[in-house]
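Hi,

Here is the structure you are taking over. Please open it first, then read my notes below.

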Amino acid sequence: MQNIVICIIMIFGLIGCSSGGAMKSPMQQHRGQSNVKDGFFLEKQHEKPKANNSNLTVDKEKFINMMVKKHGFNRQQLKNVLKQTNKLDSVIKLMDQQAPKSTSLNVPNGAWIRYKNKFITQGNLNAGVDFWKKYEKELNRAYKEYGVPPEIIVGIIGVETRWGKVMGKTRIIDALSTLAFYYPRRSQYFTQELEDFLVMCRDEGVDPFDLNGSFAGAMGYGQFMPSAFRNHAVDFNHDGHKDLWDPVDAIGSIANYFKAHGWQPDTKIAVVADGQALELDTGFHTKYPVEHLAKAGLKPKSAIGGHKVVSLLRLDIGDSYQFWYGLPNFYVITRYNHSTHYAMAVWQLGLAVKQAK
Ligand SMILES: [Ca+2]
């Protein structure tokens, strides 16, 4: 009898797991009302701060004043909320490790190959194919509406979160308040992000303590920062909510982000070059007339679509460098993350998944 009960439970468990999309996003799980008077929805345990009489810092008081004046937040509620946030030293440590390091070594050592191999693995290709097949309809709809092809959206979500497997476990309000109030180097940026995060929680009726993300406060499948949510998130499944932990909303939001940053539908991204130009500056931000590169000894291996000015990209492939003509769409990918390796990995991973599909 007991075995039969276990079997039934297992069968229902399997049905639950296989019904696709039945898993609720954290926003769906924790959504209350979005019409809380002058403030946001808080679950019972967050309504009042723990016994804590410590005064707020001057920066926090200033932030509260701004939020009350600019967005009509309830002063006392916001005060209570900020008193419950935790300063995370681990976040500050991780942020310090992100500071740019200069690599003066001008000898190829395979940096690009090592970077690429972190993303283009058999396991990732399988997971990417599964994601693409599961959301094929929505990926094609995003392509139609925004002009951004599935491989780019699949590539972004793959590099950012392995298609939703790694979306971050840091409580976002703690990460953002730590960086806004205890990290002077970036406090201006993160104060804005904290502002946008709290407004998002209010508008979406979600308790801000219930959302987790990266140590820098990036959210959901595409790891949008709150300012990207404010400017570019869309309700792509039309359920009345913008939810970055919902894969369909994430797909539409990423496509919208790319369109807003100048994505040109159905044009090339970058073209590999024949030749070497070791004396030239390289990077996605460089700008070279095509004839200048020809004089330096480079030739595109295929047509570059009539572009007169391109960026020059250099990938370290171990025993030599590989040069690329960077076209406007390559630059657009770097608007998601300012790195040549990042943009190339997004594109190459997306293409590899497309080929494996
Ligand atoms: Ca939605």
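**What I found**

In the protein chain, among contacts with a separation of 6 or more, 72% join residues 24 or more positions apart. Keep in mind that this is a predicted model. The protein chain has 357 residues, and 40% of them count as buried. It holds 16 helices and 7 strands.

Start with a pair of helices. Helix α10 covers residues 172-182, and helix α11 covers residues 187-204. Their axes come within 7 Å and cross at roughly 145°. The crossing of α10 and α11 is left-handed.

Which residues of α10 and α11 meet? From α10 come Ile 172, Ile 173, Leu 176, Ser 177, Leu 179, Ala 180 and Phe 181. From α11 come Ser 187, Phe 190, Thr 191, Glu 193, Leu 194 and Phe 197. By class, the contact of α10 with α11 has 9 nonpolar, 3 polar and 1 charged residues.

Last, look at β4 beside β6. Strand β6 spans residues 309-316. The two strands β4 and β6 pair in the antiparallel sense over 3 bridges. Tyr 288 stands opposite Val 310 in β6.

Best wishes

How values were computed: Residues numbered from 1 in each chain as written. Predicted model: local features only at pLDDT ≥ 70, side-chain atom pairs only at ≥ 80, totals over all residues. Axes fitted to C-alpha atoms, helices over the stretch in contact; angles between N-to-C directions. Helix = DSSP H or I, 4+ residues; strand = E, 2+ residues; numbered from the N terminus. Left-handed = near helix turned anticlockwise from the far one by under 90°. Contact = placed C-beta atoms within 7 Å. Nonpolar A, V, L, I, M, F, W, Y, C, P; charged D, E, K, R; others polar. Pairing = 2+ DSSP bridges. Buried ≥ 20, exposed ≤ 12 C-beta atoms within 10 Å, placed from the backbone.
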